[in-house]
Amino acid sequence: MWVSALLSTSCRVQEVQNSAKKSQSILIIGAGLAGLVAAKALKKQGYEVRVIEARDRLGGRTWTSNYWADAPVDLGASWIHGVEGNLLTELAEEIDTPLVMTRYDNAIAYGQTGQPLTEAETETIQRLEQKFFEAIAVAQDADTDQSLQSLLEQAIDWEAQPLKTQQLIDFLANSMIEHEFAGSLSELSMHWFDDAGAYSGDDAIFVEGYQAIVNHLAQDIPIELNQIVATIDWATDSPKVSTTTQSFTADQVIITLPLGVLKSSQVQFIPALPAPKLQAIQALGMGVLNKCYLRFPNVFWPEQVDWIEQVATERGLWTEWVNLFPVTQSPILLGFNAATKGKEIETWTDEAIVDSAMKTLQRLFGKDIPPPIDYQITRWQADPFARGSYSFNAVGSTPAMRDRLAESLDNQLFFAGEATERNYFATAHGAYLSGLRVAQEIADIALAEKR
Ligand SMILES: Cc1cc2nc3c(=O)[nH]c(=O)nc-3n(C[C@H](O)[C@H](O)[C@H](O)COP(=O)(O)OP(=O)(O)OC[C@H]3O[C@@H](n4cnc5c(N)ncnc54)[C@H](O)[C@@H]3O)c2cc1C
């Protein structure tokens with residue numbers, strides 16, 4: 001449905017081509033996927049576009065590190081989630097950048113003892129999972145919302161469970177929910193946490209990193225880096241955007257600031273944003289997923305599995321790992337931490353993080369495994385131009401709030417970015433779709449004015 005909607009979208013943008021005032025200037029704040037694709041779509045239709053970006057690099061929350069020259073790794077988004085019908089798959093094919101497929105069921109899971117899960121443990125997890133998801137299905141029909149944590153405590157009678165079972169429940173909740181949605185169970189809305197669309201098919205990793213997509217989108221777009229927006233004045237007909245060093249005016253401004261940045265109030269709107277938008281910014285959640293890449297002299301883990309999971313002895317600590325050997329042909333493991341634990345861990349020193357990761361790996365693979373020869377660690381919560389990894393539906397928010405976040409103001413300010421996508425929030429394809437949507441909105445206005 002989305003693809004056909006977008007195909008008709010691009011036809012309508014084409015229709016606007018001759019009606020777009022040649023001088024119509026669009027300023028785009030943010031050179032992430034949303035901003036770049038909006039710029040590309042509008043430039044193609046004859047608009048005068050300019051992108052301003054706070055960082056000294058492109059891509060925002062897609063960020064390919066070339067620190068290991070022979071093995072680029074993504075510090076932000078890694079995957080195309082669900083390759084079938086996903087516009088990012090089409091784009092990857094168009095630019096001919098290699099992808100490697102990964103599957104969640106190509107996994108090995110270890111128990112508290114560091115041994116692969118026994119059949120009995122696997123059965124217990126499956127039983128708990130079924131119970132939890134049945135309880136969610138029932139509770140989603142109820143009138144009042146609550147956090148997933150409080151539902152879990154009731155459904156599984158948490159307090160009465162022995163420690164070993166509690167650890168299995170934590171494993172389930174952390175690996176299946178907190179890592180995916182980046183919010184903690186106590187923050188996620190039971191009603192709405194999973195109210196999102198998804199593409200079918202496996203997931204794909206970019207061998208050369210998401211930079212392949214970013215560089216393609218950025219081609220021929222005028223972009224100014226190191227422009228940190230401080231105020232957006234939309235009191236007059238031509239909105240004025242001031243950065244810490246310069247001012248820009250344009251007929252229309254597209255804002256792709258991450259939800260975390262909007263929450264922080266570090267960008268001032270004059271006049272202030274209307275109440276429904278402010279309420280949405282406040283109520284929607286901004287979560288954390290952090291990555292720790294460890295590079296070893298040799299592979300000491302099962303070489304062909306995609307995912308390595310472990311029942312942590314401490315909730316949320318290094319529950320999930322990805323084997324990057326099939327992607328990079330180098331002995332690299334990627335460990336994740338999310339939500340509350342992710343936020344806590346990113347305040348540690350690099351040494352403490354690597355040390356903690358190694359303790360987990362030693363429990364799974366033995367004391368004799370070699371130390372890493374190098375590492376790369378992310379801290380998305382502390383990043384002033386992201387303030388978190390991606391948005392989630394928090395208790396107290398509703399999906400309709402994403403529509404409020406996306407609404408344009410006075411045909412002057414337009415809003416895009418993953419958090420504005422009701423169906424595909426928290427994803428790279430959501431950001432991409434939001435950029436196309438906002439470009440279409442601007443084109444539609446030009447068309448309406450011509451009539
Ligand atoms: C660790 C991690 C893993 C992820 N994994 C996946 C994945 O595997 N698959 C997937 O589909 N999605 C994933 N995501 C989510 C995906 O990366 C994002 O949804 C998407 O990249 C967001 O794009 P955007 O354009 O909306 O925002 P951004 O990419 O954040 O772009 C906004 C831009 O605004 C800039 N900006 C901020 N403040 C200012 C300011 N004051 N002035 C000027 N510019 C400013 C930022 O620097 C940034 O470049 C992941 C995200 C993270 C962090």
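Visitor: What distance separates the centres of domain 1 and domain 2?
Guide: This is a predicted model. The centres are taken over C-alpha atoms. For domain 1 and domain 2 the separation is 34 Å.

Visitor: Which stretches does the domain assignment give to each domain?
Guide: Domain 1 takes 2-61 + 210-285 + 399-450. Domain 2 is assigned 104-198 + 289-377.

Visitor: How many residues does each domain bring to the contact?
Guide: Contact here requires heavy atoms within 4.5 Å. Domain 1 supplies five residues. From domain 2 the number is six.

Visitor: What area is buried between domain 1 and domain 2?
Guide: Carbon and sulfur atoms give 62% of the buried area. The side of domain 1 that touches domain 2 has three nonpolar, one polar and one charged residues. The area buried between the two domains is about 440 Å².

Visitor: How many salt bridges and how many polar residue pairs link domain 1 and domain 2?
Guide: A salt bridge needs a side-chain nitrogen of Lys or Arg within 4 Å of a carboxyl oxygen of Asp or Glu. By that rule the interface has zero salt bridges. In polar contact, with both residues at pLDDT 80 or more, the count is one residue pair.

Visitor: Which residue places a polar side-chain atom 2.5 Å from an oxygen atom of the ligand?
Guide: 38 residues surround the ligand, and the closest are E53, R55, R61, V229 and A428. L33 uses a polar backbone atom, 3.3 Å from a ligand oxygen. A54 also uses a polar backbone atom, 3.2 Å from a ligand nitrogen. The side-chain atom at 2.5 Å belongs to E53.

Visitor: How much of the ligand's accessible area does the protein cover?
Guide: On its own the ligand has 1000 Å² of accessible area. The protein's share of cover is 99%.

Definitions and conventions: Residues are numbered from 1 along each chain as its sequence is written. This is a predicted model: local features need pLDDT of at least 70, side-chain atom pairs count only at pLDDT 80 or more; totals for chains, interfaces and linings use all residues. Side-chain values use heavy atoms; hydrogens and water are left out. Domain bounds come from an automatic or database domain assignment. Buried area is the accessible area (1.4 Å probe) that two parts lose on being put together, summed over both. A polar contact is a pair of N or O atoms within 3.5 Å; within protein, one must be able to donate a hydrogen and the other to accept it, and residues adjacent in sequence count only if both atoms are side-chain atoms. Ala, Val, Leu, Ile, Met, Phe, Trp, Tyr, Cys and Pro count as nonpolar, Asp, Glu, Lys and Arg as charged, and the others, Gly among them, as polar. A residue is near a molecule or strand if one of its heavy atoms lies within 4 Å of it. Accessible areas come from the Shrake-Rupley method with a 1.4 Å probe; for residues, only the protein chains shown count as cover.
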